[in-house]
Amino acid sequence: MKLSDSVEALRGVGGRRAALYRKLGISSIYDLLTFYPRDYLDLSNPVPIREAELGEPCAIRARVYRKQGEQRIRKGLSLFRVYVTDEETNLTITIFNSQFQFDSLEEGEEYYFYGKITGTLLRREMNSPLIIPAEEQALIRPVYSLTEGLSNKLVQGNVKEALEVWGDRLSDPIPFDLRQREKLCQLRYAIENIHFPENKEALRLARERLIFEELLVLQLGMFLLRRKNRRETGIRLQDTDLSAFLELLPFELTVGQSAAIADSLADMARPVPMNRLVQGDVGSGKTMVAAALCYACHQNGYQAAVMAPTQILADQHFATFSRRLEPLGVKCGLLTGSQTAKQRKALLEEVREGRISVVIGTHALVQEDVAFASLGLVVTDEQHRFGVAQRAALASKGQDPHLLVMSATPIPRTLALMIYGDLDVSVIRELPKGRKPIQTKAIPSEKRPRALGFLKKQLEEGRQAYIVCPLIEEGENELVSASAYLEQLQRTPLAEYPMAVLHGRLKPKEKDRLMSAFQSGEIRILIATTVVEVGVDVPNANVMLIENAERFGLSQLHQLRGRVGRGSWQSYCILISDHEGEENRKRLEVMTETSDGFRIAEEDLKLRGPGDFFGFRQHGLPALKVANLVEDLAVLRRAQQIAEELLAGDEGLSQPEHRGLRVMVRRLFARNEQTALN
Ligand code: ADP
Ligand code: MG
């Protein structure tokens, strides 16, 4: 009997139920035991019936004073009435279709009833409540996140059995001493009480312990991933002169760009690897910062690697970097998944021998066969798209290289600390000179013809436009609906302009071709799914029209809008939506009011709540089960300290008493990352 046994070992769980459990990410008994309730029904504080708020769920405690037999309403629907009182106010309980539940209630006995009270002040009612005898001890009931076909009752039953039969197998990963010192309860007690709390205090203790454990394991994992970067590095850039690079630039760097470059150069002159985040709104010119630093690397005899989240972005960066750096004698290379084996081989050889100084690529960069002669700097663009492990894998291709991450998504300081450790941040606050604020309008679809007319005027003046449609279907159908949209557009006056559809189903080569045709102005209207979301830079495009704007999150809309407003022309963003929901209205309002990325991130946080915004996956972090980074900040700090102490005494968590923690760390990261810890 092991915790890794399949849930099928439970009574009543066969292949079909096991499949339902798998939908919830549960395959083993251990998974089930660590599938914590999403919420609880608390019967431990019943309210007087008179004080219960109408329409809100509540618990009451009352005595049955009269029962009325079955009333058949129609075929298949009968109801039973039970009259109860808390000796002050009466309440009518209605039970549907359950003779059994009705029979189990006895006149004169007391029960807890949990449900919504409706009716009038004179005649209060409660329909199909949860009913529990008053002598029952377990008054806090778990509520699980469910999937169709699995009821709460069923999950409760399965968890109960798992606890009874397998409970002894739960061994505590937190060493005894540490548990004592931090006053944490035992694992077994915690798991029992997170599912079936004896009382509120027990639930509090259970949560406290599990939150601590989760954050400790997370911190240990982060420290272990970063361990390499914390050492000294021999890579010190001390002979840097950017004047040739700056002279070739067609513009002056902004104050923010210059400061970010200066900060980074100072970091890289020191014997500790740089770990810096450059944060700047869309269009603030982060790419130039990276290019300058790659040049500095080359000057000092090192190579640099630049990782972008999409092929399109990698291509674009390659073009930009080549234009800026090749005239200075810096050879650039592009490594993506779409190259032929032969191309790849030749390129890899040049990289290995150090003939290529700057390698730009997608995640193809982290593959095993990629080796560098002397990797000095690793840059990741739009960092939140990558997993922590991917970043670490790229860094491990050098001897403690310097790290730079670039992002347009503002990250709260605490979260940044979590992800990157002792991270330094350079913020680019201003946009390059001469940019005009983008005008944004939200309109219903009936005004689409006018919007298209407006778009046509812009095209007549020589500009280009993006139209983004969030296609619901993926795969084959994505193609169908994208082409359908194109056809529709060709029946409008816009037909005279060259247009093309860019979507996920296209071959990388074809995407390339379309993007460069748009870049060169040959294609005037680019109809795209969200592949243009990050980073794409075509300054001549000045209209961004977004169909079904309600399908996008606020930050995503802001990213999309950031594709225009990159040249000196007035730019426009048109959001089309017929959706009437409150949240959508609010989102569109924020978009039309502000173009400040920091404010938008804040509003996004408000609208979506921290759970979603801090979306761990977005940052390449494993999802948390009980802890909440906003609410449990104090615990997080404590866990950080302890993780550091533990690792100071036992670098690889290899001592026997740390074995449990090591297993947990692996498990946590294995859930989301292919390249788990080594
Ligand atoms: P992001 O920060 O969103 O990655 P990019 O690096 O793509 O922004 O830059 C946006 C555009 O601004 C590019 O066309 C780039 O050439 C241009 N740009 C960058 N820096 C400056 C500057 N200092 N002055 C004028 N234009 C600039
Ligand atoms: Mg960018």
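Predicted model: local features only at pLDDT ≥ 70, side-chain atom pairs only at ≥ 80, totals over all residues.
Domain 2 (243–428) and domain 3 (439–594) each supply at least three of its residues.

Which residues come nearest to the ligand? Of the 17 around ligand 1, these are Glu-252, Gly-283, Thr-287, Arg-435 and Asp-537.

Gln-257 uses its side chain instead, with an N or O atom 2.9 Å from a nitrogen atom of the ligand. Arg-435 faces an oxygen atom of ligand 1. The distance from that oxygen to an N or O atom of the Arg-435 side chain is 2.6 Å.

How much of the ligand does the protein cover? On its own, ligand 1 has 570 Å² of accessible area, and the protein covers 87% of this.

Last comes the site as a space. Ligand 1 takes up the second largest pocket.

How values were computed. Residues numbered from 1 in each chain as written. Chains lettered and ligands numbered in written order. Heavy atoms only, no water. Near = heavy atom within 4 Å. Polar contact = N/O pair within 3.5 Å; in protein donor to acceptor, adjacent residues only side chain to side chain. Areas by Shrake-Rupley, 256 points an atom, 1.4 Å probe, with all protein chains shown as cover. 1 Å grid on protein atoms, 1.4 Å probe; cavity = no way out; pocket = protein on both sides within 12 Å on 5 of 7 lines; lining within 4 Å. Sits in = over half its atoms within 2 Å of the grid points. Domains from an automatic or database assignment.
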